[in-house]
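Student: I would like to work through a structure with you. Could we take it one question at a time?

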Amino acid sequence: MLESWGHTAWTANQAGNALAADNDQSVYAATRGAALITQDQELAAQRKRRTIDQTVLLRCEAPDVIEVLELHLANVVDILEHRPHVVIEVTRDRVRDFCAPWPG
Amino acid sequence: MPLQVVDDLVGVPIATASSIAAISVRRLRSWHDEGLVLPAVDRMLGPGTRIRLYAFDQLVEMCVIRELEDRGQDIRHIRFVTARHENDGIARPLLELRWGVDGGHMYAQHSDGTWTGGRRHNQAVITDVIDIDLIRATVRSRLEERGKESVGRVERRRGVQGSRPVFAGTRTPVATVQQYLRRGLSQAEILEAFPHLTAADVDLARGLLAG
């Protein structure tokens, strides 16, 4: 879906880091200038406390993630373009963004 | 069919690098400290949390060093030789040169086909050459490999998905697949969405859901 909208996207498996810990994934994404898209609420909670990258948390059931993200993609992209360190929480109904008081 | 690893995207933590190159984490740290193989990313994320990520080429470099060691070369000598080539303007000698060993001496073949090394080139018959293409293929295969022992098993890993149960050797939570099953999606549809999983994984998730 992301590629059909013109974005570059890849999975942890394609990066060979499926076994990596959550912190590794965040640092990997940050150094690549990529946003980490996840359904892991604990990871998002960690990043809210210390924002080091761009994390997009999809709060919905797994089979709905594409539909929910597509619904709000324009808004999510707009936030990502303006905030280098941010956690964006996306539900079917709304998009909220968070930034730790001391990012980095 | 699992998605293939893309060389340019690879960025793996030190534990994964250790497993792929069959070199201990301690040695990799020491190679980092000594400047022999530097990680692509080295970042402190807080007290005691240091993130080192290695790119594909660095995994290949580790394997070349291991192959040279297996052929009797001492790590100090490897470091000395690679440093000499770096001083000659070759940025990544372990990758850019073709390495061979003969009678305890280490030789490097340059892009123009010439060899340099321990003895004068016309005195050496280099019979044991390290095949870097084979090393690259092996690294790629190890990155993609999910051990047979992992298939159809569940595990919890600290720092992964909040320590929730995931399919062993992956970071896919069992609960995620169970959400698909509750919606009535078929095994084929689930495996299409998660190409790194197997029918045994889906059966396991179904069994846990029923149980």
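Student: Is Lys48(A) buried, exposed or partly exposed?

Tutor: This is a predicted model, in which local features need pLDDT of at least 70, side-chain atom pairs count only at pLDDT 80 or more, and totals for chains, interfaces and linings use all residues. Residues are numbered from 1 along each chain as its sequence is written, chains are lettered from A and ligands numbered from 1 in the order in which they are written, and side-chain values use heavy atoms, with hydrogens and water left out. Buried means under 20% relative accessible area, exposed over 50%, and partly exposed in between (1.4 Å probe, protein chains only). Lys48(A) has a relative accessible area of 27%, so Lys48(A) is partly exposed.

Student: Which side chain meets Lys48(A) in a salt bridge?

Tutor: A salt bridge is a side-chain nitrogen of Lys or Arg within 4 Å of a carboxyl oxygen of Asp or Glu. Here the N to O distance is 2.8 Å, and the partner of Lys48(A) is Glu89(A).

Student: How many residues apart in sequence are the parts that Lys48(A) and Glu89(A) tie together?

Tutor: Helices (H or I, at least four residues) and strands (E, at least two) are DSSP runs, numbered from the N terminus. Lys48(A) lies in helix H2 of chain A and Glu89(A) in strand S3 (residues 86–90) of chain A, so the parts they tie together are 41 residues apart.

Student: Is Glu89(A) buried or exposed?

Tutor: Look at the relative accessible area of Glu89(A), which is 5%. The cut-off for buried is under 20%. Glu89(A) is therefore buried.

Student: Which residue of chain A meets Arg183(B) in a salt bridge at 2.6 Å?

Tutor: Arg183(B) also forms a salt bridge with Glu61(A), where the closest N and O atoms are 3.4 Å apart. At 2.6 Å, N to O, the partner is Asp64(A).

Student: Why does the pair of Arg183(B) and Asp64(A) join two chains?

Tutor: Arg183(B) lies in the loop between helix H7 (174–182) and helix H8 (187–193) of chain B. Asp64(A) lies in the loop between strand S2 (54–58) and helix H3 (65–82) of chain A, so the pair joins chain A and chain B.

Student: How many residues of chain B are in contact with chain A?

Tutor: Contact means heavy atoms within 4.5 Å. Chain A gives 31 residues, and chain B gives 34.
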